[in-house]
Amino acid sequence: MGDPLERLGSEAMGLVEGASTAKDELCMEIDPPFRENVATAEDWRRALNKVVPAVVVLRTTACRAFDTESAGASYATGFVVDKRRGIILTNRHVVKPGPVVAEATFVNREEIPVHPIYRDPVHDFGFFRYDPGAIQFLSYEEIPLAPEAACVGLEIRVVGNDSGEKVSILAGTVARLDRDAPHYKKDGYNDFNTFYMQAASGTKGGSSGSPVIDWQGRAVALNAGSKSSSASAFFLPLERVVRALRFLQKGSDSYVNKWEAVTIPRGTLQATFLHKGFDETRRLGLHSETEQVVRHASPAGETGMLVVDSVVPGGPAHKNLEPGDVLVRVNGEVVTQFLKLETLLDDSVNQNIELQTERGGKSVTVSLVVQDLHSITPDYFLEVSGAVIHPLSYQQARNFRFHCGLVYVTEPGYMLFRAGVPRHAIIKKFAGEEISCLEELIAILFKLSRGARVPLEYISYMDRHRRKSVLVTIDRHEWYAPPQIYTRDDSTGLWIAKPAFQSDSLLLSPGINDAGSLAVEMFSMRGEANCMGDLHQSNNQELTDGVTSMETNCEDTCDETRPRDDSVGTKKRRVEEELSANTNVVADCTLLETREVKLEDPNTAQNAILRDFQGATATATAANASFSERVIEPTLVMFEVHVPPSCMLDGVHSQHFFGTGVIIYHSQSMGLVVVDKNTVAISASDVMLSFAAFPIEIPGEVVFLHPVHNYALVAYDPSALGAVGASVVRAAELLPEPALCRGDSVYLVGLSRSLQATSRKSIVTNPCAALNIGSADCPRYRATNMEVIELDTDFGSTFSGALTDEHGRVQAIWGSFSTQLKFGCNTSEDHQFVRGIPIYTISQVLDKIISGAKGPPLLINGVRRPMPLVRILEVELYPTLLSKARSFGLGDDWVQALVKKDPIRRQVLRVKGCLAGSQAENLLEQGDMILAIDKEPVTCFHDIETACQALDKCDNNDGKLNLTIFRQGREIDILVGTDVRDGIGTTRVINWCGCIVQDPHSAVRALGFLPEEGHGVYVARWCHGSPVHRYGLYALQWIVEVNGKPTPDLDAFVNVTKELEHGEFVRVRTVHLNGKPRVLTLKQDLHYWPTWELRFNPETAMWRRETIKALGCTSI
């Protein structure tokens, strides 16, 4: 059993089970003293002087998640074992099973690139290679390997990069040579079928791969892990390391000019053995006669035998060996040690061997074929929509007890995460076809078009006996590069990428299957497939039940698949990666549409369906619903929004949102839905709409994001609803006037997650409450300069919808607002609250869209429509009571004038700050009181908006407001410019070296600061395993210079970076949000991290991805 505090080198991975057993504490044999134990301090000094120069600090970057390892950057240790050939020994979990970029730093700080040449499939060791000629200023010698010198009581030193220190030397004494291999993680890398050494040297993170040396300067073991609850450290014996090194040395001698891949024979039975004492083997049924034979044939001091612990399904030992079998002989030879067993297996690859075991007192002899261990160790993977998928490795097959080679999801990426597929999932069925290997999955992907929605079934090791069904949506926009297959090349240490299929495949074509064709396609797929569970129904009913059961899973499954409790008030809505329930579910009228084909008169069929549907709906809702609820329900829409990780722009704080919207326009050519910006935060997102009036889910496109107010407009295609759906869905009637007043009765109407309309009657307590939301740690949209509506009662902080009068006319949107509560200096938590957004501002924008006001065109459902521009005063304001303003020196005349203008609120607006780069910057100062515009008193935010809109109606103005302000006891008249903003938000993003770069968005500019050096480009996010992760170029800062060249905007940034070459070190000057400048260097990696741009094209209403600079090519 493992210990929960054992950890794997620098990664500090906690264990899962058990505590140290009695055997761990009792097996402490001390051999007679050796010469090594009386070594003098001078002996150790000489040994360390020879060893330290050969020990290197390894900085590794796992560029992709793969097999047992996730993407990331870390420090570790290695040491030179062959100076002439340039071979460095370290741990397997340092070399990584997947793509890795690494550098070695010697003690004199010389840095050289290193490339992986071998990682053992099972044991925790691997090799890097470097160019020996690159070391110019250091004299060093290789460290010899002496596995035979290891013994109990041996005094040792561990030399390495412990706890981040460049050189650390820790002393210890070898206490055990026969410790079980440590168990680090139930779903990660674990060593097995070997003994480990144990010593109390107290190593910590960063010392993975350190040499364990004796007083003669010989490496007797390899440091691998430790137990954080004590000072215990675990060392890997070197016998198999020596064998592998000899193969590499022999192979390299065969190649003169360059390194070529070397094959090291490794055999396996796909069975795990443990070494058990003779007392335990007797309890398992070992005969005493057999024990005597084994003791006689084994070396003196043998304490036990090998016992089968587990067998991987589908392997050579499956159904031949069972847990509890005691191994007696292999090929007629008594075997009690791992080393002897592994030697026999490695020498017998693809050959038969005979195993004699005793099972419960009975002798069992089996003949097995030794399998090539490398054949079940994946050396390629598929990358699609950010997901990493590859054949299930022997390591994980052993952990999960699945067959090797199954289609395994190491990283779900965007497309699979959006569907609810977790890490470590095994894909069993896709688009109605069984999946047994990765090639079958690729073949199906080749046939799918963008926007297609197909079912997927998977299993997980946590719930291995039940398949789970989800609905996968192929990316409609080019959020990610086309699917690629990466294959390992051991001669270069790189993983070579190539397209998974030809570029003219359907997957790369734009467009989306319409709802009708999708329904028929899904019906045919499901009709051919076997039904899950015990369902034995007709094909039509099978489809309906399958979809309904998936939809119900979101609400009624076990606790681990439910969203967080609504009462906590945190936003909504982040979907955990471990969720097994699917949330992207189509609930459409497929059954009805398939029947429609069989009728001769489509119109008659539609009318009949419509009458039946409306009659059923009326019967269901008439019993308890209010009149306003019945009126408004056909206008309500449930939103599900996913934001791709590749373009999390503008500080958006989650990837997954839910919310309720209201249809405000519905015609044959276009439908528009309004929703809060805490549900639709940015335009770079995938939006799915579920209608309360008709059971269907269709995509929507963000067409307008108000730069100030907390709402967005999303368009949908009414034809996607079908004739029946389009006839029952309708737009709400808006009632912008008269404005709500305190004490008015309203109906709060919205949707539950199960698309059930819910309403209640409430009283307006404050129709014009001014919002005051502070900045978040990561700047993102926050509602400013807004007056909202407060009610006496509502449905909680996550319920959104609409406020209507008794006739069902919408007077306000009941929307969600995001904020961040801070606790102390370093702790914060995202929260949300709901308030009413007056409908007048939405109605004004809607009128401009319908009337075709001047503005940039945008393609909506195939029609180019001009979208309105919004003129705003980019100043953050807040109200102050006139009683306070008088204390600041405001005169009685102005107090009386402002009271006369607004006798209820009796307030004046003050300047909190100007947005950096705005027209008002350097004109208005913090604390200024805005008294009047064009000599007319202003008391609220609406007055400012009205004045800005009036400027648009005048042709002979320069866009400036004539303000009267009160500043430091003086009344001042000043002309202040306004800014014109569109409603599409950020439309361009660049990924360079793994950081997501954009123009500074309004939330950043609201902090009131931009770098003096031409403003710069803003780093919004960064990617794990990228060069910026490796070198520390993180988010929340501006890049103002690259190699001394200014980068004031994205165009300048592109021009500079596209001239940089692969492997070139780049000097970057940055300025943090706090104003602190910094200069750092990083190494560009175009092999794994090409420079690309994602840009929204309003002519096609699509996000397109273009490569700026890749290895060997420049596209822009």
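**Chatting through a predicted model**

Modeller: The protein averages a pLDDT of 85, with 84% of the residues at 70 or above; pLDDT is the predictor's confidence in each residue, from 0 to 100. This is a predicted model, where local features need pLDDT of at least 70, side-chain atom pairs count only at pLDDT 80 or more, and totals for chains, interfaces and linings use all residues. Residues are numbered from 1 along each chain as its sequence is written, and side-chain values use heavy atoms, leaving out hydrogens and water.

Colleague: Thanks! Where does pLDDT stay under 50?

Modeller: Residues 1-5 do that, and residues 9-36 are also below 50.

Colleague: How many disulfides does a search of the whole structure find?

Modeller: The search gives 0, a disulfide being a pair of cysteine sulfur atoms within 2.5 Å.

Colleague: And Cys63, buried or exposed?

Modeller: Cys63 counts as buried because its relative accessibility is 2%. Buried means under 20% relative accessible area, exposed over 50%, and partly exposed in between (1.4 Å probe, protein chains only). Cys954, at 40%, counts as partly exposed.

Colleague: Switching topic: where does Gln1037 lie?

Modeller: Gln1037 is in strand β56, residues 1037-1042; strands (E, at least two residues) are DSSP runs, numbered from the N terminus. Gln1037 is buried, at 5% relative accessible area.

Colleague: Which side chain does Gln1037 join in a polar contact?

Modeller: That of Thr1070, at 3.0 Å. A polar contact is a pair of N or O atoms within 3.5 Å; within protein, one must be able to donate a hydrogen and the other to accept it, and residues adjacent in sequence count only if both atoms are side-chain atoms.

Conventions: Contact = heavy atoms within 4.5 Å. Helix = DSSP H or I, 4+ residues; strand = E, 2+ residues; numbered from the N terminus.
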